[in-house]
Amino acid sequence: MKKLSLRTRVLTGAVAAAALGAGTFGAMSANASTPAAAPAAAVAADTANRYLQQTTHLTVAAATKAAQATLDAAEKENQRVSVAVVDRNGNTVVTLRGDGAGPQSYESAVKKAYTAVSWNAPTSELAKRLEQAPNLKDIPGTLFLAGGAPVQVKGAPVAGIGVAGAPSGDLDEKFAKAGVATLAK
C-alpha cells in the first residue's frame, strides 16, 4: 500500500470534515422545518403570572374582510384608493391597491393605519394635535393626515385601517371606518 503525503492526508481530512459538517447542517436544516415539541415548562405556564400579558389580534381572514369592505366602499363612490390593515404592533397584515390607485397611496395607507393604531384614534383627530405638538409629525412611520381609523376591542386598539388616494382625507377616513364597521357585524 502506497503511503500518502502529509499534504494529501491533510486535504483528505479537510474534505471529510467538510462533508461531515455539511451532512450535520443538512440534518439540522431538515429538522428545523419540523417544529419541536414545546418544553414542558412552557406548556404549563401560569397565565396569572405577572410577567405574561395576553393580547388580542385580528386574524388574517378578518383583516382581509375589513380591507375588502373598505375597498368596496371606495369603489361604490368611484374612488381609486389603497387600503392597509396593520396589527396592534403596526405590522402590515393586508394591503389592497385598488385599480387605478396612485403609486403614493400604498405607502400613505400603511402609514395612516400605523398612526391610527399607535394612538388609538382616527388620524383626522391626530392631525389636529399637530397644532399643539408639531414635532409629532417627525415620528418615523407616521402620517398625520385624515384616512386612518383604529380597530378596537373593549376600547383597546387591536389594529388600524388606513386609506389613501381619494381626493380628500375625509373620504379616505370614511372608507376606513366602513372597514372597521364590517368587523363589528
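How many salt bridges does a search of the whole structure find? The search turns up five, a salt bridge being a side-chain nitrogen of Lys or Arg within 4 Å of a carboxyl oxygen of Asp or Glu. Keep in mind that this is a predicted model, where local features need pLDDT of at least 70, side-chain atom pairs count only at pLDDT 80 or more, and totals for chains, interfaces and linings use all residues. Residues are numbered from 1 along each chain as its sequence is written, and side-chain values use heavy atoms, leaving out hydrogens and water.

**A salt bridge**
- Lys174 pairs up with Glu77, with the closest N and O atoms 2.6 Å apart.
- That pair ties together distant parts of the chain, 97 residues apart: Lys174 sits in helix H6 and Glu77 in the loop between H3 and E1.

**H3 against H6**
- Helix H3 (residues 60-76) packs on helix H6 (residues 169-184) at an angle of about 135°, their axes lying 8 Å apart.
- Ala62, Lys65, Ala66, Ala69, Thr70, Ala73 and Ala74 in H3 meet Phe175, Ala176, Ala178, Gly179, Thr182 and Leu183 in H6 (contact means heavy atoms within 4.5 Å).
- By type, the residues of this contact split into nine nonpolar, three polar and one charged.

**Confidence**
- The chain's mean pLDDT (the predictor's confidence in each residue, from 0 to 100) is 84, and 74% of its residues reach 70 or more.

Definitions and conventions:
Axes fitted to C-alpha atoms, helices over the stretch in contact; angles between N-to-C directions. Helix = DSSP H or I, 4+ residues; strand = E, 2+ residues; numbered from the N terminus. Nonpolar A, V, L, I, M, F, W, Y, C, P; charged D, E, K, R; others polar.
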